[in-house]
Amino acid sequence: MPWVSSSAKSSELAPSFDDPRLHMTAAGRLLVRVISALFLIVLVALTFVLVAMAPLRSARWLGVFLALVLADYAWHRRHPDRSLAELPPSGAVNLSQYLAPDAFALIERAFDRSTLVGVSLELQLFRLLLERRDARDGLRRLDIKPEEVSQKVEAALAATDAETKTQDHRALGLAAAEAVVVQSLPPAVRRGHRGINPDDLLVGLVTVGRENIRRIISTFTVDPGDLERALIFSETRSHFARLRRLPAALGGISFEIHRGLRHRVINHAWTSRPTPNLDRYSLDFTDLARTGSIGLMIGHQEEYDRLLGALSRPVNPNALLIGDNGIGKETIVAHLAYAIIRDEIPPALFDRRLVALQLSSLVAGAAPEELQRRIQVVATEILRAGNIILCVPDIHNLLRTSGTAFLSAADAFLPIIKDNAFPIIGLTYTREFKEAIEPKSDFLGLFETIRVQEISTEEAERVLVYQCLLLEHQTGITVSFGAIKQAVGLAQKYLHQKLLPSSASELIKEAVVQAGQQGERLVGPDRIVALVEQKTKVPIHAASQAEAETLLNLEETIHRQFIDQEEAVRAVANSLREYRSGLTRKGGPIASFLFVGPTGVGKTELAKILAQIQFGSKTAMLRFDMTEFQDKAGLQRFLGAPEGVSPGALTEAVLHQSYSLILLDEFEKANPDILNIFLQVLDDGRLTDNLGRTVDFQNTIIIATSNAHSDLIVQAIAEGRPVAEIADTVRTKLTDVFKPELLNRFSKIVVFQNLSSENLAKVAALALGELVQTVAEQGIKLNFDAAAIAKVVELGYNPLFGARPLRRAIEEHVRAPLAEKLLRREIVRGNEATLTVRDGQLDFLVTAE
């Protein structure tokens, strides 16, 4: 097929389906088939007679000609009249020419049964498609039993009422057939089929979604896109069955030594030359493509088209592919090699070899003079060959081979690149590009920079279908499409260290290994969910009855460790219930709160308790003291240096712990630029770091604390004003400190009030209870009475600092004396001690065992 850029294709088609054979009667079509079969039999017999028995030489040549005609007919009899590759970019088109014969046979049979019996064509076609192995396999991959679907179809056919049977089913059938065929075109094109095949009809039938079909598929929640990708399993398995040797991987390239490759260096025109020195330090991708080991590319079409354009231009025919590991740079290069061997490329790249230079081999053990000699020899061979496209993986290493006594390989290559002698493809990572290449403007200017983007979830699912077929062949363990869909969705949501499809692919591989170790032969979606939960500690499965009970009583659970502040407790409890019920707003954090109030009233303590309940530990949160990020240097430490030298404290932490509670202490003291950044974080739940990576905050709870206008709260409480009125006043006054648009993005602004003396006593009792649990581990029973609690409150009460001095009072007047008694062995294992007040001082009354 001649090369055509995908961007040249237009979607402004007006497809229809009108086959003259369906306008004939069933008897007429049968008569045509009988006549055709008789004619074919006669033609075969005549060919045999002419070839084997004809005395005249001319008659035998006529027989040979007829034999070739029959062979051509046999070869193309299963193909449509025209290939979808010849589909016009726009205008009206009759799809009957693009329909595969076996697909038309199914429509014809369904049409005949529909008109004869008086039932819908869609149901008859669905029944016929379910008899095919590929359709049944596709449904099984979706964790659906084909037998149950068949039963539903038969029940629907049997339930056809008398009124329906009297309708004009010929006209209805023609309209239904056209609707199904038209909807079958997009999946056939996406999957690269020569024509519209039976499995495309199944996708089209589900996509049309007429009422009788919709009732059936709604029972099994069949999505047309999922069905299309699940059908790839059967199609690809049959393709693999025709291969003598399956590749170890699909898509990308393994930069290992490939032994036994047939190396072809001479082009079709016999104008190229051998390159023995280049071959020593390189790997020929076109050789790999001829073996079928590489070449599959799903997605990345825009980047691929830009690459072709860059390599085809006469000046600076060089391209630089930039992207993180696993994003698909190697896949694009491998697909180019595959396109070269199939001549599906622009004329400027026709008949080329795509060769990857292995820098480690080139530089290994070479002194500066030797390195320069090797580069010159390799460059000379490339120039003589005249048909080389040079790929340089990790091209940033060219700029890192210099030193005090070392020649830079980049300096040696630079004149060669500037000569435009041959096309070069460089591969590099985002961080290395910023550090090593971007500052070298003379080097960078010679390349077209192409940033490789992450593929979509649908494309990742298609990639994993192919990979899972290889895994099944290698391990004998089946992977359902439900597992693939879960792996892609959960990897994109929770596993951000790697991009799609690599992150999802690793999940599938790990799940297959686990299944093999446990003697299971099927990997389903539940195993993927459990694996991601194990990796991230995120509760992904539906809430169990026990967890639901805990969530419903969350306020009570929090108040076992936290005193008062009912509004704040209710706000955080509601946010967690919404999250576990799947009702959280899409595109933002789980929840975001601004806790405002005087110091020592529980703002930070509530965040710690929330982290313990939801994330497993009070320390399991990302805590930032915003007073450390007030100046420009603090801004760079928090978000990362612009040149990409160092990562940001916030973005790096969230990348490694995407499910977390983020505590921003004294938020109002942060650099104003940081406050502006949180406009995006609180609204979209995403942030792009200094390396161009997207950091996802959608699985975080963000709590910002502030002491702003706390003096107003203290004064208003002293005046006896109602709490609701105080809260409204403080929220209004906060616009003096924060921008209104920032305040509006928080899920809730909670005003904390001062603790009463009664509440302080409860806080003291909780703190003393922690000490009781600590000494119990040493076999000592510790009690405390009401007088002790009152004395602790007296010693630790300070209206300016709230409950914070209570812990200091307990440290000085309880823990320190208790430690001395333990060391003097005045209290030993088995003793019971009571903390009380004696002579106005806290003291311990010890009772022997």
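I'm working with a predicted model, where local features need pLDDT of at least 70, side-chain atom pairs count only at pLDDT 80 or more, and totals for chains, interfaces and linings use all residues. Residues are numbered from 1 along each chain as its sequence is written, and side-chain values use heavy atoms, with hydrogens and water left out.

**Entry: the sheet**

I looked up an open sheet of three strands, ordered β18-β19-β20, with mixed pairing. Strands are DSSP runs of E with at least two residues, helices are runs of H or I with at least four, and both are numbered from the N terminus. Two strands pair if DSSP finds at least two bridges between them. The edges are β18 (781-784) and β20 (841-847), each pairing on one side only. I noted an average twist of 30° from one strand to the next. Axes here are lines fitted to C-alpha atoms, for helices over the stretch in contact, and angles run from 0 to 180 degrees between N-to-C directions.

Next I went through the pairs. β18 and β19 run parallel, joined by four bridges, and leucine 782 stands opposite alanine 833 in β19. Strand β19 (residues 832-838) and β20 run antiparallel, with seven bridges; leucine 835 has phenylalanine 844 in β20 as its bridge partner. The hairpin of β19 and β20 has two residues between the strands, and aspartate 839 takes a positive phi near 55° there.

Which helix lies across β18, β19 and β20? I found helix α37 (residues 786-796), running at about 55° to β19. Helix α36 (residues 757-776) lies across β18 and β19, at about 165° to β18.

**Entry: two helix pairs**

I checked α4 (residues 121-130) against α10 (residues 211-220): their axes are 8 Å apart and the packing angle is about 45°. That makes α4 oblique to α10. For angles, under 35 degrees counts as roughly parallel, over 145 as roughly antiparallel, 65 to 115 as roughly perpendicular and the rest as oblique. Glu122, Leu123 and Phe126 of α4 make the contact with Asn212, Ile213, Ile216 and Ile217 of α10, where contact means heavy atoms within 4.5 Å. By class I have five nonpolar, one polar and one charged residues. Ala, Val, Leu, Ile, Met, Phe, Trp, Tyr, Cys and Pro count as nonpolar, Asp, Glu, Lys and Arg as charged, and the others, Gly among them, as polar.

Then I took helix α30 (residues 632-639) and helix α31 (residues 649-656), whose axes come within 3 Å and cross at roughly 15°. The two are therefore roughly parallel. Arg637, Phe638 and Leu639 in α30 meet Ala649, Leu650 and Thr651 in α31.

**Entry: cores**

A nonpolar core is a set of buried Ala, Val, Leu, Ile, Met, Phe, Trp, Tyr and Cys residues joined through side-chain atoms within 4.5 Å. Buried means under 20% relative accessible area, exposed over 50%, partly exposed in between (1.4 Å probe, protein chains only). The largest core has 119 residues, and Phe126, Ile508 and Ile528 have the most contacts inside it. Leaving aside neighbours within four places in sequence, I list Leu464, Cys468, Leu471 and Ile528 among the contacts of isoleucine 508. A second, separate core of 41 residues includes Ala704, Ile713, Leu742 and Ile749.

**Entry: alanine 27**

Is alanine 27 buried or exposed? I have alanine 27 at 57% relative accessibility, so it counts as exposed. Alanine 27 sits in helix α1 (residues 26-52).
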